[in-house]
Amino acid sequence: MAESDFEPFKLEIERLYIHENQTLAHVMDYMVSKYSFIKSSSQYSRQLKKWGFVKGRITADEWTWIANKQNKRKHNDQKESEFYIGGNQVHVPKVKKAKYRDAYVSSIARYSTAPSPNTPEGLFVCTPASPGMHLIWNGESLPWLRFIKLVRHMGNEVAPSPSSSLAIFSPRGANVPSRTVNYELMHRLSTIIPWNTLSHPPNMHSSSRTSTALRILMPEEFPGQHDALSTDLNNSTNKGRDRISLELFLLSNNITSQDPGGRTERNIRSNDERVIQMLSDSGWKDLKHIQILLSTREPTAEAIAERVFASALRLHDVDVVRMMLEARMDPNNPLVESISHDFLTPL
């Protein structure tokens, strides 16, 4: 069987099997019903191993290898380590806890220069990403920090009304962010920064790489915010409003992922659909919220409104366009960007 048969479906299989933790039987049924893709369980198993899509409890032997590898890299090479299994990061607190439970590391093993045992199948180790710079932001003058402070203040009011403020409420029900949504956001962040020296396989979702990208792109509201958010995204424990706040920042600064195929109608549409979904997830997809957004007169709010208006126009989303016009959005601004990067007015 040619490996190329599976390649067009790699991301979809990864989403189902790894990020949504579906069984192999479920994945196979789904692929048959949606794509008429029929392969045997043994063919799937071989391909999953080739991709490194391995899941399940980490064994005592694997914890022993992790503990030895972590200590050798730290003491012999002065390097910190990140570990992954099946594309998912094994976080440091788990490594430390398991090291003392399952894996006693002797002094000889810790400092030995002898070759390490073979890497267990599905495990991967690398050095955490670093920005290579320390950026200092002037928080008093940055439009984003002024805007998000306003949003946080509205959200901290006693019993804030969802229809009378820009407070961001955590999405509920079907819109609650899943691990797939978080990893998709982490992947987009990783494509924005040119990681020339990183050798991570594309299915690795690194919290250090996410934190590094955030430190380069975005000012912190408080020390340690980016580290906490990137860890929560990787663990799928983040509150929905934190993810939406990050989406709003990227939107207000027109920061989009770099598609290797360039700017196409397909990726423009995909980005526009994400913008409208973000508007809905934030709880702002109604006339009152759009009116409040436009009335703040903050540059960040105006930039968000312009991006939303342009996306709604390209998608022919009549409801959002109508609400924004009723909220006195100026239809004469050159907002609508075409594939050729020309800007057109909505009219």
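Colleague: Is Asn 254 buried, partly exposed or exposed?

Modeller: Asn 254 counts as partly exposed because its relative accessibility is 41%. Buried means under 20% relative accessible area, exposed over 50%, and partly exposed in between, with a 1.4 Å probe and protein chains only. Please note that this is a predicted model, in which local features need pLDDT of at least 70 and side-chain atom pairs count only at pLDDT 80 or more, while totals for chains, interfaces and linings use all residues. Residues are numbered from 1 along each chain as its sequence is written, and side-chain values use heavy atoms, with hydrogens and water left out.

Colleague: Where is Asn 254 found?

Modeller: Asn 254 lies in the loop between helix H11 (240–252) and helix H12 (265–281). Helices (H or I, at least four residues) and strands (E, at least two) are DSSP runs, numbered from the N terminus.

Colleague: How far apart in space are Asn 254 and Ile 304?

Modeller: Their C-alpha atoms are 8.9 Å apart, although 50 residues separate Asn 254 and Ile 304 in sequence.

Colleague: Let us turn to Asn 71. Is Asn 71 buried or exposed?

Modeller: Asn 71 counts as buried because its relative accessibility is 9%. Asn 71 belongs to helix H4 (residues 60–76). A polar atom of the Asn 71 side chain lies 2.9 Å from the backbone oxygen of Ala 67.

Colleague: And what of Ile 192?

Modeller: Ile 192 is in helix H8 (residues 179–192). With a relative accessible area of 17%, Ile 192 is buried. Its C-alpha atom is separated by 9.3 Å from that of Leu 217, 25 residues apart along the chain.

Colleague: A new topic: at what angle do H1 and H2 pack?

Modeller: Helix H1 (residues 10–19) and helix H2 (residues 24–35) pack at about 140°, with axes 9 Å apart. Axes are lines fitted to C-alpha atoms, for helices over the stretch in contact, and angles run from 0 to 180 degrees between N-to-C directions.

Colleague: Which residues in H1 and H2 meet?

Modeller: Glu 12, Ile 13, Arg 15, Leu 16 and Tyr 17 in H1 meet Leu 24, Val 27, Tyr 30, Met 31, Lys 34 and Tyr 35 in H2, where contact means heavy atoms within 4.5 Å.

Colleague: Lastly, how many helices and strands are in the protein?

Modeller: The protein has 15 helices and five strands. Of its 347 residues, 43% are buried.

Notes. Polar contact = N/O pair within 3.5 Å; in protein donor to acceptor, adjacent residues only side chain to side chain.
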